[in-house]
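Colleague: Walk me through this one, please. Keep it brisk.

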Amino acid sequence: MRIDLHTHSTVSDGTQPPAELMTAARAAKIDVMALTDHDSTAGWVEASNAARGEGVVLIPGMEVTCRTSEGISVHVLSYLHDPANSELLNEISKSREARLVRAEKMVDRLAADYPITWEHVLEHLAPGATVGRPHIADALVRLNVVETRSEAFAHILNGRSSYFVSHYAPNPALAVELIRKAGGVPVFAHPAASLRGRVVTEHTMNEMIDAGLAGLEIDHRDNSDEGKEKLRGIADEHGLLVTGSSDYHGAGKPNLLGENLTSADVLAHIEELGTGTTPIR
Ligand code: AMP
Ligand code: FE
Ligand code: FE
Ligand code: ZN
């Protein structure tokens, strides 16, 4: 069984629409795949229909953007939550609106030095999609300022750049609690992605565990080797599930479908814990 529990479509910052993503899953011989767009479940229906057609099992999911009080960025994956749960919906709606204002501010700052306008960004954003820096990166690529998204993130768009603006996002422990209340299974995404920015303190990790964290995404290309080792210790100590996933973004990142996988045993636990919606078979 090839199980990949972290992928993105054009509903957020992936480059393929949900249906096309399911076709790509079949081509990559994936048996079970989760769609985890940033702060949105808008792709679930299209992905469900396509998954049935392709014979791929879909785990409906989402990746919730969070920020600690010290300003550290945290992503929490949610599997099988109720997409209509009002408390969770309220938080992700606030984030999505804040992302829009923030992206416009970043473009304003960038426009002082580069020939970029908001219209350029919109060219890379599907209607209703969760906007993020990758869409600004795409505009910079089109304008020949950089060659790839990754190059844009290396300097111009990274968290230490003067063009960077942050946005409202819930505290990670709150997100974990709301995901649980919505019947979802919260898994800390790439917890040791030290190249992206600061990783969380032990205190934040413990707050998330106390709030009901179910698992850690350890097998992910952005986690450092040293970080993975530490995370395995934490998972053992607290009885957390361990997942592995690609974080596929289509052409937006080098990550390939199935490059990291989750065991059938862990998936069975996730399916047992998730009560907000069901896998699509
Ligand atoms: P944002 O949510 O707007 O803060 O942007 C963060 C998103 O940018 C993440 O979800 C990643 O998918 C993407 N990202 C981060 N680093 C890179 C990178 N080096 N290359 C391409 N995409 C990246
Ligand atoms: Fe992303
Ligand atoms: Fe992420
Ligand atoms: Zn992701």
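Modeller: I'll start with Asn223. A polar atom of its side chain lies 2.8 Å from the backbone oxygen of Ile218. That is a polar contact, a pair of N or O atoms within 3.5 Å; within protein, one must be able to donate a hydrogen and the other to accept it, and residues adjacent in sequence count only if both atoms are side-chain atoms.

Colleague: What's behind these numbers?

Modeller: This is a predicted model: local features need pLDDT of at least 70, side-chain atom pairs count only at pLDDT 80 or more, and totals for chains, interfaces and linings use all residues. Residues are numbered from 1 along each chain as its sequence is written, chains are lettered from A and ligands numbered from 1 in the order in which they are written, and side-chain values use heavy atoms, with hydrogens and water left out.

Colleague: Back to Asn223. Which backbone nitrogen does its side chain reach?

Modeller: That of Ala192, at 2.8 Å. Asn223 sits in the loop between strand E6 (215-219) and H9. Helices (H or I, at least four residues) and strands (E, at least two) are DSSP runs, numbered from the N terminus.

Colleague: Is Asn223 buried or exposed?

Modeller: Asn223 counts as buried because its relative accessibility is 4%. Buried means under 20% relative accessible area, exposed over 50%, partly exposed in between (1.4 Å probe, protein chains only).

Colleague: What does Asn223 touch, not counting residues up to four places away in sequence?

Modeller: Among others, His190, Pro191, Glu217 and Leu231. Contact here means heavy atoms within 4.5 Å.

Colleague: On to the metals. Which residues are the protein donors of the iron ion (ligand 2)?

Modeller: Asp13 (OD), His38 (NE2) and His249 (NE2), at 2.1 to 2.2 Å. Asp13 is in the loop between strand E1 (3-4) and helix H1 (18-27), and His38 in the loop between strand E2 (32-35) and helix H2 (44-54); this pair, 25 residues apart, links distant parts of the chain. The donor spacing in sequence is D-x24-H-x210-H. Donors are N, O and S atoms within 2.8 Å of the metal (3.2 Å for Na, K and Ca); water is not among the atoms, so sites may look incomplete.

Colleague: Are Asp13 and His38 buried or exposed?

Modeller: Asp13 has 7% relative accessibility, so it counts as buried. His38 has 7% too, so it is buried as well.

Colleague: What coordinates the iron ion (ligand 3)?

Modeller: Glu63 (OE), His75 (ND1) and His190 (NE2), at 2.0 to 2.2 Å. His75 lies in strand E4 (residues 73-79) and His190 in the loop between strand E5 (185-188) and helix H8 (202-211), so the pair ties together parts 115 residues apart in sequence. His75 and His190 are both buried.

Colleague: How far apart are the iron ions, ligand 2 and ligand 3?

Modeller: 5.4 Å.

Colleague: Now ligand 1. Which residues come nearest?

Modeller: There are 14 residues around ligand 1, and His38, Arg99, Arg102, Arg133 and His249 come nearest. A residue counts as near if one of its heavy atoms lies within 4 Å.

Colleague: Which side chains put a polar atom by an oxygen atom of ligand 1?

Modeller: Arg99 does, at 3.0 Å. His249 does at 2.8 Å, and Lys253 at 3.2 Å. The protein covers 86% of the 500 Å² of accessible area that ligand 1 has on its own. Those areas come from the Shrake-Rupley method with a 1.4 Å probe; for residues, only the protein chains shown count as cover.

Colleague: Which helix gives the largest share of that shell?

Modeller: H6, with three residues.

Colleague: One more topic. Where is Asp247, and what is its phi?

Modeller: Asp247 is in the loop between strand E7 (241-244) and helix H10 (264-273). Its phi is positive, near 60°, though the residue is not glycine. Asp247 counts as buried because its relative accessibility is 1%.

Colleague: And Asn144, buried or exposed?

Modeller: Exposed, because its relative accessibility is 69%. Asn144 lies in the loop between H5 and H6. Its phi is positive, about 60°, and it is not a glycine.
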